[in-house]
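This report walks through helices, their packing and a few backbone details. Keep the sequence and the model open beside it.

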Amino acid sequence: MSTETLEQTIVKEPSEPLLSKRRKKFITDPLNDDNPITIQVLGICSALAVTVKMEPTLVMSVAVVFVVVFSNLIISLMRDLIPGRVRIIVQLAVIATLVTLVSEVLKAYLFDMYKVLGAFVGLIITNCIVMGRLEAFAMANKAYDSVLDGLGSGFGYAWIILTVAFFRELFGSGTVFDVPVYATISDWTGGLVNIQTNGLMVDSIGAFMVLGILIWIQRTKNGYVEH
């Protein structure tokens with residue numbers, strides 16, 4: 001009995017592009033349609049507490065982006081090794097390690113900023129945005145996708161608190177990144193325009209007002225309805 005050799009041609013599916021349409025949504029969705037602050041209402045505490053000035057807000061933004069990206073990466077790489085019953089403990093340990101690293105870098109190189117931010121850097125450990133992305137995404141997806149998801153969530157958080165800080169510093173102190181704006185306008189107009197600062201903006205109520213307006217504008221634009 002003769003045997004016949006059948007040649008099978010294995011057709012490999014093309015690999016997904018690094019920035020495919022699906023992967024782009026990991027970055028773009030948190031910037032607008034699924035923003036962690038204005039839509040998911042997460043990370044509100046730091047959005048209200050550190051946004052009096054632009055400079056500390058920028059440092060806080062960079063810190064959160066760093067922590068969420070690298071915690072997503074580490075947990076994604078470890079996800080098959082983490083027992084389900086201790087996954088929250090492992091996630092907290094990873095986040096705490098990264099936050100400690102950020103805190104020590106600030107203490108060593110930006111001590112004045114470290115004193116301004118104080119405990120708020122440490123509170124990144126309990127930031128719902130970071131924990132939420134680990135539990136909802138990094139535990140179930142590959143490392144590269146998890147990094148993109150972390151970037152999207154981090155940038156979505158960052159642009160909101162930077163916007164809040166911009167208006168609070170501008171109207172509350174008359175400056176942007178400590179550069180006088182009102183005084184410059186007065187100089188340009190020869191003193192004809194003398195804009196007064198609003199002390200309400202340097203208080204927590206000012207943060208509530210600006211953030212509330214941002215949430216209202218974005219949800220109205222997107223047609224988002226709370227269920």
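How many residues of α8 are buried? The count is 22 of 31, so α8 is mostly covered. Buried means under 20% relative accessible area, exposed means over 50%, and partly exposed lies in between, with a 1.4 Å probe and protein chains only.

## Ground rules

This is a predicted model: local features need pLDDT of at least 70, side-chain atom pairs count only at pLDDT 80 or more, and totals for chains, interfaces and linings use all residues. Residues are numbered from 1 along each chain as its sequence is written, and side-chain values use heavy atoms, with hydrogens and water left out.

Helices (H or I, at least four residues) and strands (E, at least two) are DSSP runs, numbered from the N terminus.

Helix α8 covers residues 143-173. Its 31 residues reach 43 Å from first C-alpha to last, close to the 45 Å expected at 1.5 Å a residue. The expected span is 1.5 Å times one less than the number of residues. Just after α8 comes Gly174, with a positive phi of about 70°.

Helix α4 covers residues 87-109. It has 23 residues and reaches 33 Å from its first C-alpha to its last, close to the expected 33 Å. Buried residues in α4 include Val90, Val94, Leu98, Val102 and Leu106. Gln91 and Ser103 are buried in α4 too. The buried residues of α4 pack against α3, α5 (111-117), α6 (119-122) and α7.

Two packed helices are described by the angle between their axes and the distance between the axes. Axes are lines fitted to C-alpha atoms, for helices over the stretch in contact, and angles run from 0 to 180 degrees between N-to-C directions. Angles under 35 degrees count as roughly parallel, over 145 as roughly antiparallel, 65 to 115 as roughly perpendicular and the rest as oblique. A crossing is left-handed if the near helix is turned anticlockwise from the far one by less than a right angle, and right-handed if clockwise.

Start with α3 (residues 54-78) and α7 (residues 128-136): their axes come within 10 Å and cross at roughly 25°. That makes α3 roughly parallel to α7. The crossing is right-handed. Val67, Val68, Ser71, Asn72 and Ile75 in α3 meet Val130, Arg133 and Leu134 in α7; contact means heavy atoms within 4.5 Å. By class, this contact has five nonpolar, two polar and one charged residues. Ala, Val, Leu, Ile, Met, Phe, Trp, Tyr, Cys and Pro count as nonpolar, Asp, Glu, Lys and Arg as charged, and the others, Gly among them, as polar.

Now take α4 and α7. They pack at an angle of about 130°, with axes 11 Å apart. That makes α4 oblique to α7. This crossing is right-handed. Arg87, Ile88, Gln91, Leu92 and Ile95 in α4 meet Val130, Met131, Leu134 and Glu135 in α7. The contact of α4 with α7 has six nonpolar, one polar and two charged residues.

Val41 sits in the loop between α1 (21-28) and α2 (44-49). Its phi is positive, about 55°, although Val41 is not a glycine. At 43% relative accessibility, Val41 counts as partly exposed. Phe177 lies in the loop between β1 (175-176) and β2 (179-180). Phe177 has a positive phi of about 55° and is not a glycine. Its relative accessibility is 39%, so Phe177 counts as partly exposed.

Ile217 belongs to helix α10 (residues 204-222). Ile217 and Thr38 are 179 residues apart in sequence and 9.5 Å apart in space, C-alpha to C-alpha. Ile217 is partly exposed, at 45% relative accessibility.
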